[in-house]
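These are my notebook entries on one protein model, written down in the order in which I looked things up.

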Amino acid sequence: QAEDGYRLWQRYDLVQDKERLQQYRKSLGQVVVQGASPTLTVVKEELEMALTGLLGSKVAVSGAVSKKAALVAGTPATSSLVKDLSLEPQLKEVGQEGFLLLSQKHKGKSYTVIAANTEKGVLYGTFHLLRLLKTQQDIQNLKVSNSPKTKLRILNHWDNLDRTVERGYAGFSIWDWHKLPDYIDQRYLDYARANASIGINGTVLTNVNANSLVLTPEYLKKVKALADVFRPYGIKVYLTARFSSPIELGKLKTADPLNPEVKEWWKNKVNEIYTYVPDFGGFTVKANSEGQPGPQNYNRSHADGANMLAEVLAPKGGIVMWRAFVYDNNVPDDRHKQAYTEFKPLDGTFKGNVMVQVKNGAIDFQPREPFHPLFGAMPKTPLMMEFQITQEYLGQGTHLAYLAPMFKETLEADTYAKGKGSTVAKVVDGSLDRHPISGMAGVANIGNDINWTSHPFGQANWYAFGRLAWDYDLTSEAIADEWIKMTFSSSPSLVPAVRKMMMGSREAVVNYMTPMGLHHLMGWSHHYGPGPWIKDKPRADWTSVYYHRATEKGIGFDRTKTGSNALSQYAPEVQAQWQNPATCPEEFLLWFHHVAWDAKTKSGRTLWDELCYRYSGGVDSVRTMQKTWDSLAGQVDKERHHQVKQYLAIQEKDARWWRDACLLYFQTFSKRPIPQELEKPQ
Ligand code: GCW
């Protein structure tokens with residue numbers, strides 16, 4: 001069988017470790033799932049398929065125990081076996097989505113138990129157990145109690161109705177609108193399985209640059225078909241709402257959120273949606289950003305817009321995820337500041353079912369950004385994290401960049417909102433300000449490429465997003481290990497080598513693209529290759545020169561008091577550290593400071609030399625990845641090995657392109673030589 005990557009991390013092949021295989025066969029030889037429901041059917045089917053593959057012989061799910069050892073899955077309500085185990089006290093701890101995995105002796109039998117309060121919890125527990133098996137863990141004395149830290153764990157698809165995907169690099173949209181609702185592609189089911197396996201519980205089907213057509217009955221039928229597929233997997237469907245829909249679809253003269261007819265229109269529309277999808281999740285809205293319509297067109301605020309939608313969704317249990325990614329060329333100020341300037345004053349004015357969805361950084365999904373100053377600044381509003389899984393600015397579908405370290409860097413950053421330890425993660429999970437709702441969104445990197453994500457390692461970013469949305473305390477290394485073992489193999493000669501490649505990969509990209517706090521040097525509009533020279537565009541903030549500000553004296557964006565003062569949007573403790581070039585972490589140096597070419601850096605080199613070293617270092621890292629990958633030939637199936645090898649060659653070429661283009665361009669300002677010992681730009 002050709003290894004085309006379609007199976008993602010859900011490859012249920014025979015367990016290689018003989019001892020483990022023995023153990024699993026002994027404890028899991030019989031599988032008992034009592035009760036019937038769509039979710040329990042999914043549990044049964046997954047267990048049957050997975051265990052048959054992993055254990056190497058047909059495993060059937062039964063309704064009663066006949067052997068000495070069995071796997072038992074269920075809730076106290078659906079399974080008398082689970083009820084008999086009296087797990088209520090432990091189950092209290094795991095909430096609505098969590099689960100217990102326990103090894104239990106009961107009436108002379110040995111059970112491996114997946115127990116939860118809800119069937120959804122059983123589903124998550126099932127996938128957790130399968131992960132333990134796929135990574136060949138000992139399951140003899142299981143004592144797992146696990147529940148998610150963040151409530152809404154959502155993919156955002158920037159998928160258009162014509163199946164193009166904005167910033168999608170893995171083919172076309174997997175939603176085949178033309179064939180829906182009558183044709184259900186197997187991919188929808190496999191998508192749901194993959195997401196459920198990492199705890200993702202929501203999907204926004206459509207692009208934030210929204211088309212109101214999706215709200216028409218023709219499309220709602222199709223949306224319903226997808227929602228019906230996803231429901232048993234615990235995945236809710238959400239849509240993007242184009243703010244001007246009342247005009248486009250309802251033929252109203254206005255979309256003013258305070259106009260009663262507009263509100264009435266949305267109320268009817270929402271009620272209509274719920275007739276198709278009774279558990280519809282709600283809307284994601286991009287308004288008054290990059291030309292999208294919004295409440296500001298009518299001199300209303302983001303809160304007016306969000307609250308109007310929230311009010312009509314509330315009786316149905318729906319929510320509004322209102323994006324804070326706003327900028328406008330009529331606002332002459334540093335783009336870094338705009339979201340904070342517009343949203344911070346609105347804190348406390350949003351309805352309870354509104355979440356403000358904030359990108360990890362203030363500019364736009366750069367290879368490295370300091371955390372967004374809104375985190376910690378709006379304690380009365382639940383702030384949702386928006387990460388970008390698709391690699392718009394990180395080499396797109398061809399560069400290997402493992403993003404868990406990037407996601408974690410933001411989540412672990414300290415906002416100091418309520419003193420030391422007020423991490424972004426604690427803002428996002430709602431614990432810092434005691435919000436009942438919390439969420440993380442990831443802009444999907446999924447398309448209809450056979451392997452879903454173009455680059456085989458793109459799968460790891462989808463995986464890592466889900467795992468971190470569930471539990472941001474997992475380490476990047478641990479997530480990488482899980483993924484490698486499930487995707488390739490558990491071989492001790494492979495896992496550490498691939499982990500090492502992954503762990504250094506994002507830093508490599510930062511180095512060959514935008515080291516030391518440089519940002520947005522990417523080519524005009526496509527954002528793939530280098531374009532630090534870009535100027536004279538309709539908007540200053542669509543140029544690169546706006547961001548790097550190189551002159552003969554130095555380089556970097558002064559965001560301190562002497563410059564745009566964006567730094568003032570952070571807590572005093574953060575400001576204190578970042579406002580001084582001597583204490584500002586070097587990775588953010590040129591983000592906040594304009595620095596002289598000859599200034600000394602931590603390595604002892606001048607800034608110019610250090611930049612040369614970083615750019616070269618980025619290229620070297622890619623070459624190291626190539627060597628590592630070459631050495632693994634024979635340990636990875638031919639198809640995927642060859643694929644990654646080719647992508648690494650592209651990455652090496654692109655890294656050189658980035659290094660050479662940036663250094664030669666910046667050299668026209670610095671007028672200093674590239675250090676002798678470094679490879680010369682070509
Ligand atoms: O990153 C930028 C992208 C746009 C995107 C926008 C946004 C969906 O270049 O393509 O539009 O952000 O997040 O709204």
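This is a predicted model: local features need pLDDT of at least 70, side-chain atom pairs count only at pLDDT 80 or more; totals for chains, interfaces and linings use all residues.

**Entry: strands side by side.** I looked up strand β8 (residues 202-204) and found that three bridges join this strand to β9, the two running parallel. I note that strands here are DSSP runs of E with at least two residues, that helices are DSSP runs of H or I with at least four residues, and that both are numbered from the N terminus. Two strands pair if DSSP finds at least two bridges between them. Within this pairing, V204 stands opposite Y238 in β9.

Residues are numbered from 1 along each chain as its sequence is written.

I then followed β9 to its partner β10, to which three bridges join it, again running parallel, and I found T240 opposite T284 in β10. From β10 I went on to strand β11 (residues 319-323), where four bridges make the link and the strands run parallel; the bridge partner of G282 in β11 is I319.

**Entry: the nonpolar core.** I use this term for a set of buried Ala, Val, Leu, Ile, Met, Phe, Trp, Tyr and Cys residues joined through C-beta atoms within 7 Å. The largest such core has 210 residues, of which L100, V223, L309, V320, V356 and L374 touch the most other members. Helix α20 (residues 607-631) gives the most to this core, with nine residues. As a general note, nonpolar side chains tend to be buried together in soluble globular proteins.

**Entry: a second sheet.** I found an open sheet of six strands with the order β2-β1-β3-β5-β4-β6 and mixed pairing. The edge strands are β2 (61-62) and β6 (143-146), each of which pairs on one side only. Strand β3 (residues 69-74) and strand β5 (residues 109-115) pair in the parallel sense over six bridges, and A73 stands opposite I114 in β5.

In strand β4 (residues 99-106) I looked up L101, which is buried, with 21 other C-beta atoms within 10 Å. Its C-alpha atom is separated by 5.9 Å from that of K143, although L101 and K143 are 42 residues apart along the chain. Not counting residues up to four places away in sequence, L101 touches I114, G125, H128, L129, L142 and V144.

**Entry: helix α5.** This helix (residues 119-134) has 16 residues and reaches 22 Å from its first C-alpha to its last, close to the 22 Å expected at 1.5 Å a residue, where the expected span is 1.5 Å times one less than the number of residues. Of its 16 residues, 13 are buried, so α5 is largely enclosed by the rest of the structure.

**Entry: backbone details in loops.** Where does N288 lie? N288 is in the loop between β10 (282-285) and α10 (302-313), and its phi is near 50°, a positive value in a residue other than glycine. N288 counts as buried, with 22 C-beta neighbours inside 10 Å. Y416, in the loop between α12 (404-412) and α13 (424-428), also has a positive phi, of about 60°, although it is not a glycine; Y416 is partly exposed, with 19 other C-beta atoms within 10 Å. Finally, I noted a cis peptide bond joining L180 and P181, with omega about 0°.

Conventions: A residue is buried if 20 or more other C-beta atoms lie within 10 Å of its own, exposed if 12 or fewer, and partly exposed in between; C-beta atoms are placed from the backbone. Two residues are in contact if their C-beta atoms, placed from the backbone, lie within 7 Å.
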